[in-house]
Amino acid sequence: MECIPVTIDDLEGKKDPVLEDPEHNVYTRFMKSHRCYDLVPTSSKLVVFDTSLQVKKAFFALVSNGVRAAPLWDSKKQCFVGKGYFLLVHFNSCLRQKLNKRLTLCSSCTSTGMLTITDFINILHRYYKSPLVQIYELEEHKIETWRELYLQDSFKPLVSISPNASLYDAVSSLLKNKIHRLPVIDPLTGNTLYILTHKRILKFLKLFISEMPKPSFLNQTLEELNIGTFKNIAVVRADTPLYTALGIFVEQRVSALPVVDDKGRVVDIYSKFDVINLAAEKTYNNLDVTVTKALQHRSQYFEGVLTCNRHETLEAIINRLVEAEVHRLVVVDEQDVVKGIVSLSDILQALVLTDGEDGTA
């Protein structure tokens with residue numbers, strides 16, 4: 001499948017930081033000099049769902065395998081669109097050679113090609129009525145049925161990238177298309193080799209950052225560089241109904257909601273990833289509970305909300321994001337009142353898509 005060409009122009013009100021250091025584009029050059037294949041591990045787990053699989057079982061499989069998304073395979077067309085089961089594939093060199101002979105990606109595949117936690121949220125928000133009414137669409141529908149209903153008025157082509165494309169192209173595609181996962185697909189065989197994410201790319205950059213010249217802008221603050229989002233921050237309160245929180249995810253297309261007290265101070269955070277715990281606990285039939293009640297079902301130990309302030313340096317922010325392996329930091333003031341959000345995409349845009357770049361390698 002051909003990758004969709006992208007260019008970066010104006011990302012919805014995001015202002016490019018002013019970087020006048022001679023080395024300001026050192027990270028751009030680094031990204032242009034490395035290929036997506038450099039990030040593909042020699043052995044990794046990739047879950048692939050057949051579109052004939054029941055939606056409910058697919059989400060249970062996401063939980064049990066600890067993944068957030070999976071490419072889709074249409075056994076009728078014998079191509080990724082992304083069998084009533086899922087394929088758990090460990091891609092090593094031997095398996096790749098075997099898969100090359102039997103898995104193809106046909107040009108007629110015309111959907112987003114991935115099943116994600118966002119799909120789970122959309123199903124719950126669209127079809128939930130009350131705790132007394134079973135969500136039939138989740139319990140009985142197959143993936144193919146759900147996609148036919150949901151995507152009939154919202155055609156979205158699969159955004160993917162070749163392993164030979166530069167990491168710069170990958171970052172550009174992630175940001176331009178406002179997506180969190182970018183399948184790396186072999187153009188010759190159609191095999192999905194890996195799923196690139198903001199987190200994986202930034203972690204890769206961090207491995208080499210000490211070997212590169214240090215731009216002076218790393219010592220500047222978020223406020224000075226104008227990095228992050230500080231207007232119309234979506235938040236919820238501890239007593240906000242879960243269904244309301246899901247509606248915010250759907251309508252405002254945010255990936256996390258700071259939970260605040262009556263003074264606006266952050267006390268917790270509810271992310272899209274937390275929603276999948278509803279599948280793990282099989283508690284998705286009651287969305288009238290509060291966000292606080294839902295957060296009691298977190299499957300992993302929660303150390304607390306990771307925050308920062310606008311006066312911290314970009315270098316400190318990068319280190320905190322990478323070391324904590326989180327997707328965002330909540331920006332607060334001295335009283336812990338929420339003032340903004342700084343995300344991995346904000347950081348990558350500032351580091352890689354500097355002024356004067358046109359989004360092509």
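This is a predicted model: local features need pLDDT of at least 70, side-chain atom pairs count only at pLDDT 80 or more; totals for chains, interfaces and linings use all residues.

**Exercise 1.** Work out why strand 6 (residues 181-185) is largely enclosed by the rest of the structure.

*Solution.* Start with the cut-off: a residue is buried when its relative accessible area is under 20%. By that rule, 4 of the 5 residues of strand 6 are buried, so the strand is largely enclosed by the rest of the structure.

**Exercise 2.** Find what strand 6 pairs with, and in which sense.

*Solution.* Strand 6 pairs with strand 7 (residues 192-197), in the antiparallel sense and over 5 bridges.

**Exercise 3.** Give the strand order of the open sheet that has 3 strands, and name its edges.

*Solution.* The order is 8-9-10, with mixed pairing. Strand 8 (236-237) and strand 10 (266-271) are the edge strands, since each pairs on one side only. Then take strand 9 (residues 256-260), which pairs with strand 10 in the antiparallel sense over 5 bridges. In this pairing, L257 stands opposite Y270 of strand 10.

**Exercise 4.** List the buried residues of helix 10 (residues 242-252), then inspect the residue that follows the helix.

*Solution.* Buried in helix 10 are L242, A245, L246, G247, I248 and F249. Now step past the helix end: R253 follows, and its phi is positive, near 55 degrees.

How values were computed. Residues are numbered from 1 along each chain as its sequence is written. Side-chain values use heavy atoms; hydrogens and water are left out. Buried means under 20% relative accessible area, exposed over 50%, partly exposed in between (1.4 Å probe, protein chains only). Helices (H or I, at least four residues) and strands (E, at least two) are DSSP runs, numbered from the N terminus. Two strands pair if DSSP finds at least two bridges between them.
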